[in-house]
Amino acid sequence: MRGKSTSVITVRNPSHRILRVDVSRAGFSRSLRGRPRVRPARGAATWLHLHPLRFRLAPGAKTTLHVAAVPSRWAAPGDHPALVLLTTRPLGVKHVRVRLRVGVVVDLRIRGRILRRLDARALTVRRRGTLRLLDLRLVNRGDVTERLPGDGLRLSLLSGGRRFATLRPRSRELLPHSAGIAVFAYRGQVRGAVVARVELRSPVRGARLSFRVRL
């Protein structure tokens with residue numbers, strides 16, 4: 001995408017009150033464990049043009065929010081996430097204690113030559129009863145969002161040189177140029193010191209790393 005791109009968001013009011021909805025834009029990121037975070041409106045968020053910016057919605061009614069994206073001429077190829085925020089409050093209520101805010105992630109992809117690179121940094125083990133959770137710290141040095149699980153990441157557990165388990169990570173996504181933790185769950189009975197072998201595969205490169213851990 002280089003020129004203007006447009007899309008729509010359908011907004012519905014399931015409540016029994018008339019709602020006033022304020023529309024704004026914001027930046028978007030995720031914590032190490034994948035929790036969404038609202039950031040100041042910089043970068044890709046400034047490319048978004050929203051209409052309308054405020055509207056009323058009757059009970060059970062719906063409306064359409066128009067979203068146009070005009071990337072900067074200097075935008076780098078790859079994925080650029082941003083956020084459309086919808087903040088609601090019921091009309092006719094004098095004292096509002098809770099306002100509902102809903103975020104819609106807008107992923108803007110700029111065409112061009114892109115880099116895909118996912119690096120593994122460290123592996124730790126958390127114990128939860130008989131369950132063992134292996135936390136693999138990853139760094140996405142590429143230009144696109146990597147979604148897990150996928151064919152490109154798996155973890156094998158070995159004892160005495162023999163593999164006794166192959167694990168896939170829990171579902172999550174890793175935004176470009178960010179760090180995150182992929183979680184692997186082991187429910188088996190093997191305990192003590194083992195070798196955890198991480199295999200990373202991508203269209204352009206692959207890597208195999210080994211970590212010594214205690215289950």
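Contact here means heavy atoms within 4.5 Å. With that in hand, select Leu136: leaving aside residues up to four places away in sequence, Leu136 touches Ala120, Ala122, Leu123, Leu153, Gly180, Ile181, Ala182, Phe184, Val198 and Phe211.

Before you click on, know that this is a predicted model, where local features need pLDDT of at least 70, side-chain atom pairs count only at pLDDT 80 or more, and totals for chains, interfaces and linings use all residues. Numbering runs from 1 along each chain as its sequence is written, and side-chain values use heavy atoms, with hydrogens and water left out.

Next, pick Leu134, Leu136, Leu138, Leu153, Leu155 and Leu157. These have the most contacts inside the largest nonpolar core, which has 24 residues. (A nonpolar core is a set of buried Ala, Val, Leu, Ile, Met, Phe, Trp, Tyr and Cys residues joined through side-chain atoms within 4.5 Å; buried means under 20% relative accessible area, exposed over 50%, partly exposed in between, with a 1.4 Å probe and protein chains only.) Apart from this core lies another, of 21 residues, including Ile9, Val23, Ala44 and Leu50.

Now show Phe164 and Tyr186. The structure holds one aromatic pair, and here are its rings: centres 5.8 Å apart and planes at 70°, so the pair is edge-to-face. (Rings of Phe, Tyr and Trp, the last by its six-membered ring, pair if their centres lie within 6.5 Å; planes under 30 degrees apart are stacked, over 60 edge-to-face, the rest tilted.) Phe164 is partly exposed at 28% relative accessibility, while Tyr186 is buried at 6%.
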